[in-house]
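Thanks for coming. I will go through one structure this morning, starting with a pair of helices and ending with a single loop residue.

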Amino acid sequence: MMTLSLPSMRPPPFIRSSNAITEGFFVVAAVIAVSLVASSVIPGVALISNAFAGQAAQDKNKVDLQMTVIFAYGVPGSTTVDVYVKNTGLTSLSTPSIEESVVFFGSTGALHMLKYGGNDNGSGAGGPPYWSFLLVDDGSGTNSTSTGVLNPGQTMEVLIATAVPLSSGNYYFQITTYVGTSFDYTFSI
Amino acid sequence: MAALGTVVAAGLVAILLLQTFSVYMNTSLQVSALQMGTANDQASIASADINTRAQVDSVGIVNQTHVALSVENTGTVPIQATSLQQVDVILIYTTASNGTDRALWMPYSTTPSSPGWAVVSATTADGGPKVLNPMNCPYPTYGVWDPSDVLHIVVTLSPADAINATDTLAVLLATPAGTTSLGET
(Lines give C-alpha, C1' and ligand atoms only; values in the text may rest on other atoms or scores of the structure.)
Protein backbone atom coordinates (compact mmCIF):
# COMPACT_ATOMS: atom_id res chain seq x y z
CA MET A 1 0.00 0.00 0.00
CA MET A 2 1.38 3.40 -1.05
CA THR A 3 1.45 6.42 1.25
CA LEU A 4 1.53 10.04 0.03
CA SER A 5 3.77 12.57 1.73
CA LEU A 6 2.72 16.20 1.25
CA PRO A 7 5.32 19.00 1.19
CA SER A 8 5.34 21.36 4.08
CA MET A 9 3.15 24.45 3.55
CA ARG A 10 5.48 26.98 5.09
CA PRO A 11 5.40 30.49 3.55
CA PRO A 12 8.51 31.64 1.64
CA PRO A 13 11.26 32.95 3.85
CA PHE A 14 11.34 36.55 2.45
CA ILE A 15 7.73 37.05 3.42
CA ARG A 16 8.61 36.40 6.90
CA SER A 17 11.93 38.17 7.10
CA SER A 18 12.22 41.91 7.71
CA ASN A 19 15.65 41.75 6.08
CA ALA A 20 14.08 40.43 2.95
CA ILE A 21 11.61 43.33 2.90
CA THR A 22 14.47 45.77 3.17
CA GLU A 23 16.21 44.01 0.32
CA GLY A 24 13.06 44.28 -1.75
CA PHE A 25 12.87 48.03 -1.19
CA PHE A 26 16.56 48.30 -2.04
CA VAL A 27 16.04 46.50 -5.33
CA VAL A 28 13.07 48.69 -6.27
CA ALA A 29 15.01 51.83 -5.33
CA ALA A 30 17.97 50.67 -7.38
CA VAL A 31 15.78 50.00 -10.40
CA ILE A 32 14.20 53.46 -10.13
CA ALA A 33 17.55 55.18 -9.61
CA VAL A 34 19.17 53.40 -12.55
CA SER A 35 16.17 54.14 -14.76
CA LEU A 36 16.36 57.83 -13.88
CA VAL A 37 20.09 58.00 -14.54
CA ALA A 38 19.74 55.99 -17.76
CA SER A 39 16.97 58.22 -19.04
CA SER A 40 19.12 61.30 -18.59
CA VAL A 41 22.66 60.08 -19.28
CA ILE A 42 22.14 57.92 -22.38
CA PRO A 43 20.25 60.55 -24.41
CA GLY A 44 22.90 63.08 -23.39
CA VAL A 45 25.71 60.84 -24.56
CA ALA A 46 23.80 60.13 -27.76
CA LEU A 47 23.26 63.84 -28.32
CA ILE A 48 26.94 64.68 -27.91
CA SER A 49 27.96 61.72 -30.05
CA ASN A 50 25.54 62.73 -32.79
CA ALA A 51 26.92 66.26 -32.71
CA PHE A 52 30.41 64.85 -33.34
CA ALA A 53 29.08 62.64 -36.12
CA GLY A 54 27.31 65.60 -37.69
CA GLN A 55 30.46 67.70 -37.57
CA ALA A 56 32.48 64.87 -39.13
CA ALA A 57 29.89 64.49 -41.90
CA GLN A 58 29.98 68.25 -42.53
CA ASP A 59 33.78 68.17 -42.73
CA LYS A 60 33.56 65.35 -45.26
CA ASN A 61 31.08 67.35 -47.35
CA LYS A 62 33.47 70.29 -47.38
CA VAL A 63 36.41 68.15 -48.43
CA ASP A 64 34.44 66.35 -51.13
CA LEU A 65 33.05 69.56 -52.62
CA GLN A 66 35.98 71.07 -54.46
CA MET A 67 35.99 73.42 -57.41
CA THR A 68 38.72 74.95 -59.51
CA VAL A 69 38.37 78.14 -61.48
CA ILE A 70 40.20 77.24 -64.66
CA PHE A 71 39.72 80.45 -66.64
CA ALA A 72 38.05 83.84 -66.66
CA TYR A 73 37.65 86.15 -69.57
CA GLY A 74 36.40 89.66 -70.26
CA VAL A 75 37.38 92.51 -72.54
CA PRO A 76 37.63 96.22 -71.77
CA GLY A 77 34.41 98.03 -72.61
CA SER A 78 32.31 94.91 -72.24
CA THR A 79 29.76 94.38 -69.47
CA THR A 80 30.09 90.62 -69.29
CA VAL A 81 32.68 88.25 -67.86
CA ASP A 82 32.82 84.50 -68.43
CA VAL A 83 34.30 82.38 -65.66
CA TYR A 84 34.80 78.66 -66.13
CA VAL A 85 34.52 76.65 -62.93
CA LYS A 86 35.30 72.95 -62.84
CA ASN A 87 34.01 70.46 -60.32
CA THR A 88 37.25 68.87 -59.11
CA GLY A 89 35.72 67.27 -56.04
CA LEU A 90 34.00 63.97 -55.47
CA THR A 91 30.37 65.04 -55.16
CA SER A 92 27.84 66.29 -57.68
CA LEU A 93 26.17 69.67 -57.44
CA SER A 94 22.54 70.09 -58.39
CA THR A 95 21.27 73.25 -60.03
CA PRO A 96 19.49 74.43 -56.84
CA SER A 97 22.73 73.89 -54.88
CA ILE A 98 24.68 75.99 -57.36
CA GLU A 99 22.06 78.73 -57.13
CA GLU A 100 22.74 78.90 -53.38
CA SER A 101 26.35 79.89 -54.04
CA VAL A 102 27.61 83.35 -53.17
CA VAL A 103 29.64 85.18 -55.81
CA PHE A 104 31.96 88.15 -55.29
CA PHE A 105 33.43 89.99 -58.23
CA GLY A 106 35.17 93.25 -58.88
CA SER A 107 38.37 95.10 -59.40
CA THR A 108 40.85 95.70 -56.62
CA GLY A 109 39.21 97.91 -54.02
CA ALA A 110 35.78 97.61 -55.58
CA LEU A 111 34.65 94.12 -54.73
CA HIS A 112 30.91 93.44 -54.64
CA MET A 113 28.70 90.53 -53.74
CA LEU A 114 26.53 89.80 -56.76
CA LYS A 115 22.89 88.78 -56.78
CA TYR A 116 21.96 85.57 -58.50
CA GLY A 117 20.24 86.59 -61.70
CA GLY A 118 18.63 83.31 -62.67
CA ASN A 119 18.04 82.39 -66.26
CA ASP A 120 15.98 85.46 -67.13
CA ASN A 121 18.90 87.73 -68.02
CA GLY A 122 18.86 89.22 -64.55
CA SER A 123 15.42 90.78 -64.75
CA GLY A 124 14.45 88.91 -61.59
CA ALA A 125 17.49 90.36 -59.86
CA GLY A 126 16.64 93.92 -60.85
CA GLY A 127 19.27 94.09 -63.59
CA PRO A 128 23.06 94.15 -63.43
CA PRO A 129 25.23 93.48 -61.61
CA TYR A 130 24.27 89.84 -61.22
CA TRP A 131 25.58 86.37 -61.90
CA SER A 132 24.11 83.32 -63.53
CA PHE A 133 25.53 80.03 -64.74
CA LEU A 134 25.39 77.58 -67.57
CA LEU A 135 26.21 73.89 -67.27
CA VAL A 136 28.17 73.81 -70.50
CA ASP A 137 29.33 70.28 -69.96
CA ASP A 138 26.84 67.58 -69.09
CA GLY A 139 29.38 64.84 -69.73
CA SER A 140 28.04 63.83 -73.11
CA GLY A 141 29.91 66.55 -74.95
CA THR A 142 26.72 67.91 -76.39
CA ASN A 143 26.87 71.29 -74.69
CA SER A 144 23.55 70.48 -73.07
CA THR A 145 22.05 71.45 -69.76
CA SER A 146 19.64 68.55 -69.73
CA THR A 147 21.03 66.77 -66.68
CA GLY A 148 20.86 69.82 -64.43
CA VAL A 149 23.74 68.41 -62.40
CA LEU A 150 27.41 69.38 -62.27
CA ASN A 151 29.14 66.05 -61.83
CA PRO A 152 32.79 65.58 -60.83
CA GLY A 153 35.04 66.49 -63.76
CA GLN A 154 32.44 68.69 -65.42
CA THR A 155 32.59 72.41 -65.96
CA MET A 156 30.12 75.25 -65.63
CA GLU A 157 30.32 78.71 -67.08
CA VAL A 158 29.57 81.47 -64.60
CA LEU A 159 28.27 84.51 -66.43
CA ILE A 160 28.76 87.86 -64.74
CA ALA A 161 26.90 90.94 -65.93
CA THR A 162 28.39 94.18 -64.67
CA ALA A 163 26.56 97.47 -64.21
CA VAL A 164 29.34 99.51 -65.82
CA PRO A 165 31.67 98.60 -68.69
CA LEU A 166 34.86 96.87 -67.67
CA SER A 167 38.10 98.79 -67.75
CA SER A 168 41.62 97.43 -67.95
CA GLY A 169 43.07 96.14 -64.70
CA ASN A 170 43.06 93.29 -62.24
CA TYR A 171 39.83 91.59 -61.28
CA TYR A 172 38.96 89.16 -58.52
CA PHE A 173 36.34 86.43 -58.57
CA GLN A 174 35.24 84.28 -55.67
CA ILE A 175 32.53 81.66 -55.42
CA THR A 176 31.41 80.20 -52.10
CA THR A 177 29.41 77.00 -52.21
CA TYR A 178 26.42 76.13 -50.06
CA VAL A 179 28.66 74.18 -47.67
CA GLY A 180 30.88 77.22 -47.13
CA THR A 181 33.95 76.35 -49.17
CA SER A 182 35.36 79.20 -51.27
CA PHE A 183 37.33 79.21 -54.48
CA ASP A 184 38.82 82.28 -56.07
CA TYR A 185 40.64 83.49 -59.13
CA THR A 186 42.48 86.66 -60.02
CA PHE A 187 42.86 87.74 -63.61
CA SER A 188 43.45 90.84 -65.65
CA ILE A 189 41.53 92.43 -68.46
CA MET B 1 19.63 36.45 0.39
CA ALA B 2 20.85 39.60 2.09
CA ALA B 3 23.09 40.42 -0.87
CA LEU B 4 20.34 40.14 -3.48
CA GLY B 5 19.62 43.88 -3.58
CA THR B 6 23.29 44.70 -3.86
CA VAL B 7 23.75 42.22 -6.66
CA VAL B 8 20.72 43.54 -8.56
CA ALA B 9 21.80 47.15 -8.08
CA ALA B 10 25.33 46.38 -9.22
CA GLY B 11 23.94 44.53 -12.24
CA LEU B 12 21.75 47.44 -13.20
CA VAL B 13 24.59 49.91 -12.86
CA ALA B 14 26.74 47.63 -14.99
CA ILE B 15 24.01 47.49 -17.64
CA LEU B 16 23.70 51.29 -17.56
CA LEU B 17 27.46 51.71 -17.96
CA LEU B 18 27.57 49.17 -20.78
CA GLN B 19 24.68 50.81 -22.57
CA THR B 20 26.25 54.26 -22.28
CA PHE B 21 29.58 52.89 -23.43
CA SER B 22 27.85 51.14 -26.32
CA VAL B 23 26.18 54.37 -27.49
CA TYR B 24 29.48 56.23 -27.18
CA MET B 25 31.47 53.54 -29.00
CA ASN B 26 28.91 53.19 -31.76
CA THR B 27 29.06 56.88 -32.58
CA SER B 28 32.82 57.03 -32.09
CA LEU B 29 33.22 54.32 -34.69
CA GLN B 30 30.91 56.20 -37.06
CA VAL B 31 32.90 59.40 -36.54
CA SER B 32 36.18 57.56 -37.07
CA ALA B 33 34.88 56.00 -40.27
CA LEU B 34 33.78 59.41 -41.53
CA GLN B 35 37.10 60.99 -40.59
CA MET B 36 39.02 58.23 -42.33
CA GLY B 37 36.84 58.68 -45.41
CA THR B 38 37.45 62.43 -45.30
CA ALA B 39 41.21 61.96 -45.05
CA ASN B 40 41.10 59.46 -47.89
CA ASP B 41 39.08 61.81 -50.10
CA GLN B 42 41.39 64.71 -49.26
CA ALA B 43 44.44 62.65 -50.22
CA SER B 44 42.76 61.49 -53.42
CA ILE B 45 41.89 65.03 -54.52
CA ALA B 46 45.33 66.38 -53.58
CA SER B 47 47.03 63.51 -55.38
CA ALA B 48 45.03 64.13 -58.57
CA ASP B 49 45.82 67.83 -58.37
CA ILE B 50 49.56 67.22 -57.96
CA ASN B 51 50.01 64.36 -60.39
CA THR B 52 47.68 65.25 -63.27
CA ARG B 53 49.38 67.61 -65.68
CA ALA B 54 49.18 68.31 -69.40
CA GLN B 55 51.06 70.71 -71.61
CA VAL B 56 49.92 72.22 -74.89
CA ASP B 57 52.98 71.70 -77.09
CA SER B 58 51.75 73.29 -80.30
CA VAL B 59 48.76 75.15 -81.69
CA GLY B 60 48.05 75.73 -85.35
CA ILE B 61 45.17 77.29 -87.27
CA VAL B 62 44.22 74.94 -90.08
CA ASN B 63 41.51 77.21 -91.45
CA GLN B 64 38.76 79.48 -90.12
CA THR B 65 36.86 76.61 -88.55
CA HIS B 66 39.60 74.16 -87.62
CA VAL B 67 42.45 74.34 -85.11
CA ALA B 68 45.03 71.62 -84.53
CA LEU B 69 46.93 71.15 -81.30
CA SER B 70 49.27 68.67 -79.68
CA VAL B 71 49.05 68.05 -75.97
CA GLU B 72 51.47 66.01 -73.89
CA ASN B 73 50.64 64.26 -70.66
CA THR B 74 53.35 65.76 -68.45
CA GLY B 75 51.92 64.35 -65.25
CA THR B 76 52.69 61.11 -63.50
CA VAL B 77 49.29 59.47 -63.79
CA PRO B 78 47.56 58.05 -66.86
CA ILE B 79 44.22 59.44 -68.01
CA GLN B 80 41.66 56.95 -69.29
CA ALA B 81 40.20 57.58 -72.74
CA THR B 82 36.77 57.49 -71.13
CA SER B 83 37.82 60.46 -68.95
CA LEU B 84 38.80 62.63 -71.90
CA GLN B 85 35.34 64.16 -71.92
CA GLN B 86 36.33 65.74 -68.59
CA VAL B 87 39.13 67.66 -70.33
CA ASP B 88 38.22 71.26 -71.12
CA VAL B 89 39.36 73.05 -74.25
CA ILE B 90 38.74 76.79 -74.42
CA LEU B 91 39.66 78.88 -77.45
CA ILE B 92 40.50 82.56 -77.06
CA TYR B 93 40.45 84.25 -80.43
CA THR B 94 39.18 87.03 -82.67
CA THR B 95 36.06 86.25 -84.63
CA ALA B 96 36.07 86.42 -88.40
CA SER B 97 32.58 87.88 -88.59
CA ASN B 98 32.97 91.09 -86.58
CA GLY B 99 36.53 91.06 -85.26
CA THR B 100 35.60 90.86 -81.58
CA ASP B 101 37.70 89.00 -79.06
CA ARG B 102 36.04 86.10 -77.33
CA ALA B 103 36.56 82.91 -75.34
CA LEU B 104 34.69 79.80 -76.40
CA TRP B 105 34.43 76.58 -74.41
CA MET B 106 34.39 73.65 -76.79
CA PRO B 107 32.51 70.42 -76.07
CA TYR B 108 34.17 67.03 -76.41
CA SER B 109 33.11 65.54 -79.71
CA THR B 110 32.74 61.89 -80.55
CA THR B 111 31.67 62.39 -84.13
CA PRO B 112 33.37 64.04 -87.09
CA SER B 113 32.23 67.43 -88.34
CA SER B 114 30.19 68.43 -85.28
CA PRO B 115 31.56 71.48 -83.43
CA GLY B 116 33.86 70.49 -80.62
CA TRP B 117 37.26 68.97 -80.01
CA ALA B 118 38.25 65.46 -80.87
CA VAL B 119 41.33 63.27 -80.52
CA VAL B 120 42.42 62.22 -83.98
CA SER B 121 45.50 60.28 -82.91
CA ALA B 122 47.68 59.45 -79.94
CA THR B 123 51.43 58.89 -80.15
CA THR B 124 54.40 58.44 -77.91
CA ALA B 125 56.59 61.44 -77.10
CA ASP B 126 58.82 60.80 -80.14
CA GLY B 127 55.84 60.58 -82.50
CA GLY B 128 55.79 56.80 -82.76
CA PRO B 129 52.64 54.73 -82.42
CA LYS B 130 51.44 53.83 -78.95
CA VAL B 131 52.20 50.21 -78.16
CA LEU B 132 51.17 50.27 -74.53
CA ASN B 133 47.49 50.96 -73.88
CA PRO B 134 46.66 51.97 -77.46
CA MET B 135 43.59 54.09 -78.15
CA ASN B 136 41.09 53.43 -80.90
CA CYS B 137 41.58 56.83 -82.52
CA PRO B 138 39.92 58.84 -83.86
CA TYR B 139 37.24 59.37 -81.19
CA PRO B 140 38.68 56.85 -78.73
CA THR B 141 36.37 54.82 -76.54
CA TYR B 142 39.13 52.75 -74.93
CA GLY B 143 42.82 53.07 -74.20
CA VAL B 144 44.90 55.27 -71.95
CA TRP B 145 46.64 58.62 -72.30
CA ASP B 146 49.82 57.58 -70.55
CA PRO B 147 52.45 59.96 -69.13
CA SER B 148 54.61 61.47 -71.91
CA ASP B 149 52.12 60.39 -74.60
CA VAL B 150 50.92 63.07 -76.99
CA LEU B 151 47.33 63.59 -78.09
CA HIS B 152 46.75 65.18 -81.46
CA ILE B 153 43.54 67.15 -81.27
CA VAL B 154 41.46 68.91 -83.86
CA VAL B 155 38.98 71.57 -82.78
CA THR B 156 36.07 72.16 -85.14
CA LEU B 157 34.05 75.37 -84.94
CA SER B 158 30.72 76.17 -86.49
CA PRO B 159 30.83 78.73 -89.33
CA ALA B 160 29.10 81.24 -87.03
CA ASP B 161 32.09 81.03 -84.65
CA ALA B 162 34.74 81.21 -87.38
CA ILE B 163 38.24 82.40 -86.51
CA ASN B 164 40.09 85.33 -87.92
CA ALA B 165 43.00 83.19 -89.07
CA THR B 166 45.42 86.11 -89.36
CA ASP B 167 45.18 86.94 -85.67
CA THR B 168 46.69 85.21 -82.68
CA LEU B 169 44.73 82.35 -81.15
CA ALA B 170 45.23 80.88 -77.71
CA VAL B 171 44.07 77.55 -76.36
CA LEU B 172 43.55 76.75 -72.71
CA LEU B 173 43.39 73.08 -71.82
CA ALA B 174 42.29 71.86 -68.40
CA THR B 175 42.79 68.30 -67.19
CA PRO B 176 40.07 66.41 -65.29
CA ALA B 177 41.83 67.47 -62.08
CA GLY B 178 41.58 71.14 -63.03
CA THR B 179 45.25 71.81 -63.81
CA THR B 180 45.65 74.02 -66.87
CA SER B 181 48.04 74.69 -69.72
CA LEU B 182 47.95 77.53 -72.22
CA GLY B 183 49.24 77.45 -75.80
CA GLU B 184 49.31 80.07 -78.53
CA THR B 185 49.74 80.12 -82.28
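**Two helices, two chains**

Helix α2 (residues 18-64) of chain A packs against α1(B) at an angle of about 0°, and their axes are 9 Å apart. Axes here are lines fitted to C-alpha atoms, for helices over the stretch in contact, and angles run from 0 to 180 degrees between N-to-C directions. α2(A) and α1(B) are therefore roughly parallel to each other; that label is for angles under 35 degrees, with over 145 roughly antiparallel, 65 to 115 roughly perpendicular and the rest oblique. By class, the contact of α2(A) with α1(B) has 26 nonpolar, eleven polar and five charged residues. Nonpolar means Ala, Val, Leu, Ile, Met, Phe, Trp, Tyr, Cys and Pro; charged means Asp, Glu, Lys and Arg; the others, Gly among them, are polar.

Some housekeeping. This is a predicted model, in which local features need pLDDT of at least 70 and side-chain atom pairs count only at pLDDT 80 or more, while totals for chains, interfaces and linings use all residues. Residues are numbered from 1 along each chain as its sequence is written, and chains are lettered from A and ligands numbered from 1 in the order in which they are written.

Now the whole contact between the chains. Chain B puts in 43 residues and chain A puts in 47 residues, where contact means C-beta atoms, placed from the backbone, within 7 Å. On the chain B side, α1 (4-51), β4 (88-94), β5 (101-106) and β9 (170-174) each supply at least two residues. Which of them gives the most? That is α1(B), with 21 residues. Helices (H or I, at least four residues) and strands (E, at least two) are DSSP runs, numbered from the N terminus.

Next, chain A. Its secondary structure comes to three helices and ten strands. Eight strands of chain A form an open sheet with mixed pairing, in the order β1-β2-β8-β6-β5-β4-β9-β10; two strands pair if DSSP finds at least two bridges between them. β1 (67-73) and β10 (182-188) of chain A are at the edges with a single partner strand each, so one side of each has no neighbour in the sheet. From one strand to the next, the twist averages 25°. Inside the sheet, β4 (residues 102-107) and β5 (residues 110-116) of chain A run antiparallel and are joined by five bridges. One pair of bridge partners there is Val103(A) and Leu114(A).

Over to chain B. Its domain assignment, automatic or from a database, gives domain 1 (1-51) and domain 2 (54-184). The C-alpha centres of these two domains of chain B lie 51 Å apart.

β4(B) and β5(B) pair in the antiparallel sense over six bridges, and Leu91(B) has Leu104(B) as its bridge partner. Their hairpin has six residues between the strands, and Gly99(B) takes a positive phi near 70° there.

Ala96(B) also lies in the loop between β4 and β5 of chain B. Is Ala96(B) buried, exposed or partly exposed? It counts as partly exposed, because it has 18 C-beta neighbours inside 10 Å; buried takes 20 or more other C-beta atoms within 10 Å, exposed 12 or fewer, and partly exposed is in between, with C-beta atoms placed from the backbone. Leaving out residues up to four places away in sequence, Ala96(B) touches Gln64(B), Ala162(B), Ile163(B) and Asn164(B).

Key:
Two residues are in contact if their C-beta atoms, placed from the backbone, lie within 7 Å.
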